[in-house]
Amino acid sequence: MPDALSLELAQALVSAVESGDGYAGGVYLRGRTPGLLRLAMLAGLPAPLFRPWWRVQVNRPFPVSEVYRSGRPVLLSDAEEAMRRFPQLMAGLPFPFGSLWVPVAGPRGTLGVLAVLRPSTPGRPVAPADGDRLHRLGRRLGAALTDLEARGVDCGWEGEPAPVQLPAAVTPPVRIGRFDWDPGSGRVSADDELCAILGFEPAAFPGTVDALADRLAPEDVHGLWALARRTVESAGPVVRRMRLRGPDGRSRLLELSVRRTHPEGDVSTGRLSGFLVDLGAEPVMPEAADRLPRGILSLDRLGRITYANGLAEELLGHSRAELVGQVVWQALPWFGHEAHEDHYRAALIAGEPAHFLARRPPSHWLSVSLYPGHDGVSVVLQETGRPAYAPGSVTSPGLGIGSTADRSSALYRPVALAIALTEAVTARQVSAVVTEELLPAFGGRQLAIYLLNERHLHLAWETGFPQGFLDRFDGVGLDVSIPGVETLTTGRPIFFESMQRLAEAYPGIPIDADVGARAFLPLIASGRPVGSCILGFDRPRGFSPEERTVLTALAGLIAQALQRAQRYDSEAALARGLQDALLPHRLPEVDGVDTLGRYLSGTQGMDVGGDWYDVIETGHELALIIGDVQGHGVSAAATMGQLRSAVRAFALNNHDPQEVMSGTNRLLIDLDPGQFASCCYVALDPATGVARAVRAGHPQPVLRRPDGRTEVLDLPGGIVLGIDEHAVHPVTELRLEPGAMLALFTDGLIERPGTDIDEGIERLRATVERIGAVPLADTADRVIDEARAATARPDDIALLLAARWARTRTARPPAAGPFGPEPGRTFRGPDPGRSA
């Protein structure tokens, strides 16, 4: 017997599908992994075919995730509405269907999500009553789960979803009536059910065989008497059957058996017992299917074979005994190819016939048609020849050259592409994702992406095309008659099975020597044109309806990602410009001391953060400053700029290091309560090497002495800036000997995931000691290279180096290294390890 949790889920799910006029449904529950929803129960659909949807993260843009996060229902009437609100859902299930999603709510929040799939109703929104009924069922299930949890039952879910077979559609029930017949007298005694089948009131039944015969078709009356005589005259026990047609035209099954009362051979000495079976509106008639010149399979909605006719046995190479009761893709492994599964998915969800070719090993090709219904799927099989592309004729949708299975396997990559697109933040990254995910999925070899700018299409990305081939199309206006333009201006994708077809549609257009197919996809996001995408194939091929639907849906996702990337690029350029203005462009040149600053932005986010450094002449001292404002983005950069200005103002007014730190701390608290920053401030006398240092929550500096020994300084420090306006930051005095170098840095240089920050500081100390006395540019290059090798460096890096020399020099040696700026200058060019 199922456990209490499964019983509650099954009851709620069946009720939800029935009340929502659906054909399938599911229940998602929380898993043990935080932020993960698991499909606990699935009704009306085979679970193995929906494996990609068994696990859903709560932060993904899917209906189940939104309902779980918001606690509010999502009611989708058709595919158009679903595509507008949840394009990633339709990228994975590009079929016309409606869906209802409601929360399973408990007193302490959402416990899961109840979902119903139902036929699409284009242009007609979901009736409020449908949503209300389902919402009530969700609350009722939530109350039941809460009660189970109070009794100690774990209502989370791990493992595979439990399958549920939905009740069959309502049809007239099978009825059985019993009677006794005395052939000698013609008297018949019948029970109430027989009278009901024949349309008599029990009290009004005349009790004669003539009355029974009057309710049969004339041709069946003679057959009834002949069957009766042969039954009575047969030697030994016998049971005979025949079908009779009633007055309403429906078939009845008559079964007769004989009871002997006198010697054999005398009809008048035997009595007949009989049953009349009314099979309802849909009688099972396998003999009709056996007469058809096609193989016939009947499957329930979970994929189990319930019937196979004789020709199906022959075409599939298995007997009925081997087929009936088995799941179709287990009994026929070749039928379980992902391409065929997608057609089966489409038939079940869209409720429309699906047709495709399948190869039964080793080389038998079958034409397969799926005809779905409320209670299952009828499969029609015919033997056919190997599919082939015929130049000069249009390839039938879905029946392209080669293996349809290889091409249709592309239908299983949309979810991966959609997820990968959410991680891409620049146009270049979006294009790279499309190249890595879309081309292999559909067997493509070429990709080009054009972006719209001032009514002209400009080539933004290409791969696989002959060098220079696309240059002639770069910068074309929207008035040019080429498919890349027309797909955008019309908003419709354009598919060509071969370059021959393309040349016929656009005479005079330059084409390469390739003969392969082309797909032109409009990139439109939120109704706004973004550009065009071109997919190229190295051979002619057809595009099935499913492929066209998926490619069109994916074009929408790509357009949204590119639009987001363009907005990101604009904002990033603004942020980088802001930070470029805030960081020093040139460090002061002071006799006796060389300084060098480096800033490298992080690899993620807006490429701008709150790290900064500065070098300020304050009369007889040189102030070395480095700091790090919490967070990233324009806000952090703006706060950094204000702090840098504040430190500079305090320093130039000849405040001592402790006053500089205290004043900056109070200013930050006034500017942005809740924001905080770390800082290290060193006031160095170039002539004597005496330095006064103060530290506010910042990593300890590293000092390399003239003899090469390198140490991490132990500077007493106060808490970070922005926390306590009365915080005290002690000052420590130290001395830089001639030939010594001081390294100030932010934590991006030393942090490494999974390790203590002290390990990173020690790694930096050892690196500086190993490098020895080389020009500052070389030191900076090697320190940063080792930091990059040690970690993915998701954070920004600021590095400030200061070296004191033994005497005043009038000429400074140039810095070595391919990226080394002159001493006293700041380098903030491209990261040599990153692409532009």
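Select Asp781 and Arg598 to begin: the two form a salt bridge (a side-chain nitrogen of Lys or Arg within 4 Å of a carboxyl oxygen of Asp or Glu), with the closest N and O atoms 2.9 Å apart. Asp781 lies in helix H23 (residues 776–790) and Arg598 in strand S24 (residues 593–600), so the pair ties together parts that are 183 residues apart in sequence. Helices (H or I, at least four residues) and strands (E, at least two) are DSSP runs numbered from the N terminus. Both Asp781 and Arg598 are buried, where buried means under 20% relative accessible area, exposed over 50%, and partly exposed in between (1.4 Å probe, protein chains only).

The model is predicted; local features need pLDDT of at least 70, side-chain atom pairs count only at pLDDT 80 or more, and totals for chains, interfaces and linings use all residues. Residues are numbered from 1 along each chain as its sequence is written, and side-chain values use heavy atoms, with hydrogens and water left out.

Next, select Arg445 and Asp538, a salt bridge whose closest N and O atoms are 3.7 Å apart. Arg445 is partly exposed at 48% relative accessibility, and Asp538 is partly exposed at 40%.

Then move to helix H5, residues 128–150. Its buried residues, among them Leu134, Leu141 and Leu148, pack against helix H1 (4–19) and strands including S5 (98–106) and S6 (109–118). After H5, select Gly152, whose phi is positive, near 90°.

Finally, display the whole chain, which has 23 helices and 34 strands. Of its 836 residues, 52% are buried, and the structure holds 22 salt bridges.

Definitions and conventions: The expected span of a helix is 1.5 Å times one less than its number of residues. Contact means heavy atoms within 4.5 Å.
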